[in-house]
Amino acid sequence: MTWLDNDTAAALRREFAAALDSARTSAWTDAFAAVPRHAFVPTYYNQDRAGTWQRIGPENPRYLKSVYSDHALTTQLDQQGFPTSSSSEPSVMLAMLEALDAHPGDTVLELGTGTGYNAALLCHRLGEANITTIDIDPALTSAAAQRLADLDLHPFITTGDGARGWKDRAPYQRFLATAALRAIPTAFLEQAAPGAIIVAPIGYGILRVTVTAPGHGTGWFLPIPAHFMPRRTMSAPPAFDQAREAEPTQTKTPPGDILDRLRFPLSLALPGHTTCSWRGEDGEVTAVGIWTEDGSTTTAHASGAVRQVGPRRLWDTIEDLAETFDGEPRRQDFHVNITPSRQTVWYQTPDGPWWELPQPS
Ligand SMILES: C[S@@+](CC[C@H](N)C(=O)[O-])C[C@H]1O[C@@H](n2cnc3c(N)ncnc32)[C@H](O)[C@@H]1O
């Protein structure tokens with residue numbers, strides 16, 4: 001055990017595990033009660049109202065309680081102060097582990113080692129020899145390997161793009177991605193054992209897929225929302241200056257709460273988009289902006305004036321979705337079908353509205 005493990009931490013951890021699984025139905029509760037999250041999150045960052053990040057460590061009286069609470073904790077920032085790694089919300093981790101339906105002895109590939117905490121939970125229940133975990137950031141994999149070794153856990157850890165999987169240790173019975181993906185990576189399908197299960201955040205949801213034949217799979221989204229860090233890529237900045245000069249049209253769908261209400265289907269229809277809003281002095285939203293990596297940019301004013309520039313007309317997609325969905329659609333009504341040539345998501349019935357996921361890289 002680590003320098004910090006003591007009766008207080010152990011008691012908090014047991015309470016934390018019991019609260020995560022109050023119905024006592026999960027086979028993962030023992031792992032949450034046994035694995036010290038604090039060993040993997042020696043410090044985290046908290047953002048105050050002004051947007052300033054504060055580093056919180058064991059010397060802070062809040063630290064241990066926060067570590068053993070159901071909160072995502074930001075563990076790494078880049079030079080601009082953007083979060084680049086975190087320990088996810090434990091209840092979401094538990095839901096994903098449950099969805100994985102793994103049993104002791106199953107081989108698992110995890111994309112997104114991060115702190116190493118999830119890898120430790122996997123080792124605890126499934127056996128360290130069966131776990132392969134990959135992160136794109138060498139500083140993270142080396143810190144995670146050290147923390148795991150301190151607890152005498154030795155999964156296979158490597159640095160690289162987890163979407164390529166790790167062929168040398170294939171086939172895998174289970175795949176767990178903890179960074180948001182755009183589609184199920186081809187390498188996962190190629191490295192899957194027959195009947196393998198893949199659990200991965202796609203857009204603002206979590207997809208669970210069963211591999212039904214080589215290159216083929218079917219599945220559905222879990223009912224819970226997900227806000228995972230995207231798998232890192234390059235993207236164009238929003239073209240707001242150009243949009244300001246564009247001739248406005250009038251939308252049938254005023255901005256209001258539309259981006260919140262359609263957040264999930266929008267994340268499927270416009271993968272990797274970013275949104276922002278402008279507020280007046282009274283705090284009311286006066287306009288929203290949305291842009292995608294190809295430089296397409298749209299602004300929509302509360303008056304209904306819309307300006308669209310770039311290769312795609314993003315507000316047209318929002319209007320289509322607003323016509324399709326009256327309220328906020330349930331994630332579990334979205335299903336996926338995967339073939340070697342395409343991955344499609346359909347809503348409610350196979351002949352209902354559907355979207356094609358981007359070609360996996
Ligand atoms: C939410 S954190 C992972 C949390 C982690 N499972 C844990 O228990 O601490 C997401 C991680 O995905 C990693 N990541 C982003 N893109 C990746 C990629 N292409 N391949 C592997 N890891 C990636 C990030 O560096 C980050 O550490």
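β6, helix α7 (residues 138-150) and β7 together form a right-handed β-α-β unit; right-handed here means that, with the strands pointing away from the viewer, the path from the first strand over the helix to the second runs clockwise. Helices (H or I, at least four residues) and strands (E, at least two) are DSSP runs, numbered from the N terminus.

This is a predicted model, where local features need pLDDT of at least 70, side-chain atom pairs count only at pLDDT 80 or more, and totals for chains, interfaces and linings use all residues. Residues are numbered from 1 along each chain as its sequence is written, and side-chain values use heavy atoms, with hydrogens and water left out.

Two strands pair if DSSP finds at least two bridges between them.

| Strands | Sense | Bridges | A bridge pair |
|---|---|---|---|
| β5 (residues 108-111) and β6 | parallel | four bridges | L109 and T132 |
| β6 and β7 (residues 156-159) | parallel | four bridges | T133 and I157 |

On the β5 side, the chain gets to β6 through helix α6 (residues 117-126), and this β-α-β crossover is right-handed.

How many residues of β6 (residues 131-135) are buried? Five of its five are, where buried means under 20% relative accessible area (1.4 Å probe, protein chains only). Both faces are covered, with I131, T133 and D135 on one side and T132 and I134 on the other.

Definitions and conventions
Buried means under 20% relative accessible area, exposed over 50%, partly exposed in between (1.4 Å probe, protein chains only).
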